[in-house]
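Subject: Structure handover

Hello,

Here is the structure for you to look through. Please open it first, then read my notes below.

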Amino acid sequence: MGHVLSRWEPEDSGFWQKEGNGIANRNLWISIPCLMLAFSVWMLWSVVAANLDKAGFKFTKDQLFFLTALPALSGATLRIFYSFLVPVFGGRRFTAISTASLLIPAIGMGFALQDPTTSYSTLLILALLCGLGGGNFSSSMANISFFFPKSRKGYATGMNAGIGNLGVSVVQFVAPLVISSAVFGAAISGDGFLYHNVKTNTDKMFWLANAGFIWVPFIVVATIAAWFGMNDIASAKASFSDQAIIFKRKHNWLMCWLYIGTFGSFIGFSAAFAMLIKAQFPEVDVAKFAFLGPLAGALARPVGGILSDKLGGARLTFWVFGAMAAVIAFGILPALHAHQFSVFLFSFIGMFILTGLGNGSTFCMIPIIFQTERERASAGKGEAAIRQARLDAAKESAAVLGFSGAIGAYGGFFIPQGFGTSIKITGAPDMALYTFIAFYISCMVITWWFYSRKNAEMPC
């Protein structure tokens, strides 16, 4: 029971300065590595799929793109449920349990990838299980949003998600390193695979199993830290029916649409980036560049949250979507047509930075929208009504943060699938990229009309 906080009033400046700030930051800095590991496990297939041929697995490009897309599909679906579980079970308990669940796909992939005769259906099941990492985002963001006052929510959600998003870049940097050495010895890593590089006429050993096993000790440590170091907030308790009110809120659905454009783009491009480079620029060593885009996007997310606290989330979000459409039209597409890898790489890094800024700005908008909406409804009804409105707003915004994260994550499925389908039908990714431009323009219109224009319905 010592882990349960019976009083939690972050909007009370005296309480916040005396004890709230320290407790909130302790929970945040334990949550961050747990979320980072979740993203690493979630995005494992973005690295593994690009290396399966080196271990003797024989699959088509379309099958490989599907393997990279499938974890996003299961992760997005799990997020829908995870969004509502923190107020039911408590943030500490659910963070520890959901982090421990990452052991299932990590260990499973470690064993399956030792044998190139492992069936495609088995790999599909493991790809689905990696979605457990994707689900953790919604519960993590919902939990952290309870701990911080309105003025600090942009910072808190930006740091949690931004550094957590680094897990995508970490897996794309670490996994190629560990599969190139028998880091755990033959007893665990297996005998490895000999790959002959025709271009350089050299032989090299690979231990794909390490891509799964490397995360196991870190997951165990993070689980223990969450169980013993985090807190549950008594006032944050709520049943599913209490939280289901968000399905009647218009702004829940609008923010889901916008978050598909920001986070959906980040996770979708992260999943597809390595395979897209390999498909369009086969002469390039994918491992040297694939981690750069997700790294830039993850580092930009806290900046987006901090800038939104100062400038306004809606204003930043509007310009982010405009810039994303422009980067595709004037950077990525011309680079593909001219086969200029350096321009393609820098344009895509720019796109990742924009998605990171947009991730931070949209998640800064959500708590402000729902607190403002509830405070307007309670205006003139007394101080008790205002306090209850803030409590209700905290629960609603936490649920919306999680649910919009769930819907946004489907971009991680549709973007790789979009590239795969476009290449299969037309031989090039152009069709998918033009579709993305049209979607970003729709996001600009929604942001401007409801949130960023003068006299908007809900300025934020």
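**What was found**

Glu9 is partly exposed, with a relative accessible area of 37%. For these labels, buried means under 20% relative accessible area, exposed means over 50%, and partly exposed lies in between (1.4 Å probe, protein chains only). Before going on, note that this is a predicted model: local features need pLDDT of at least 70, side-chain atom pairs count only at pLDDT 80 or more, and totals for chains, interfaces and linings use all residues. Residues are numbered from 1 along each chain as its sequence is written, and side-chain values use heavy atoms, with hydrogens and water left out.

**Salt bridges**

How many salt bridges does the structure hold? There are eleven. A salt bridge here is a side-chain nitrogen of Lys or Arg within 4 Å of a carboxyl oxygen of Asp or Glu.

Glu9 is the partner of Arg7 in one of them, with the closest N and O atoms 3.5 Å apart. Arg7 is partly exposed, at 41% relative accessible area.

Asp62 pairs with Lys424, and their closest N and O atoms are 3.8 Å apart. Asp62 lies in helix H3 (residues 61-82) and Lys424 in helix H19 (residues 411-426), so this pair ties together parts that are 362 residues apart in sequence. Helices are DSSP runs (H or I, at least four residues), numbered from the N terminus; strands are runs of E, at least two residues. Asp62 is partly exposed, at 29%. Lys424 is exposed, at 64%.

Glu373 and Arg374 also form a salt bridge (3.3 Å, N to O). Arg374 is buried, at 13% relative accessibility. Shared partners link Arg249, Glu373, Arg374 and Glu396 into one network of salt bridges.

**The second largest pocket**

Now back to Glu9. Which residues lie nearest the centre of the second largest pocket? They are Trp8, Glu9, Pro10, Arg390 and Leu391, out of 23 lining residues. The pocket search uses a 1 Å grid over the protein atoms alone: a pocket is an open set of points where a 1.4 Å probe fits, with protein on both sides within 12 Å along at least five of seven lines, and lining residues have an atom within 4 Å of a point.

The space in this second largest pocket is about 530 Å³. That volume is the space filled by probe spheres set on the grid points, which are joined across faces, edges and corners.

Helix H17 (341-378) and helix H18 (383-409) each supply at least two lining residues. H18 gives the most, with eight. By type, the lining has ten nonpolar, five polar and eight charged residues. Nonpolar covers Ala, Val, Leu, Ile, Met, Phe, Trp, Tyr, Cys and Pro; charged covers Asp, Glu, Lys and Arg; the others, Gly among them, are polar.

**Positive phi values**

Most residues other than glycine have a negative phi, and most peptide bonds are trans. Two residues to look up here are His339 and Asn455.

His339 has a positive phi, near 55 degrees. It sits in the loop between helix H16 (313-338) and H17. His339 is partly exposed, at 41% relative accessible area.

Asn455 has a positive phi too, near 65 degrees. Asn455 is found in the segment after helix H20 (430-452). Asn455 is exposed, at 68% relative accessibility.

Best wishes
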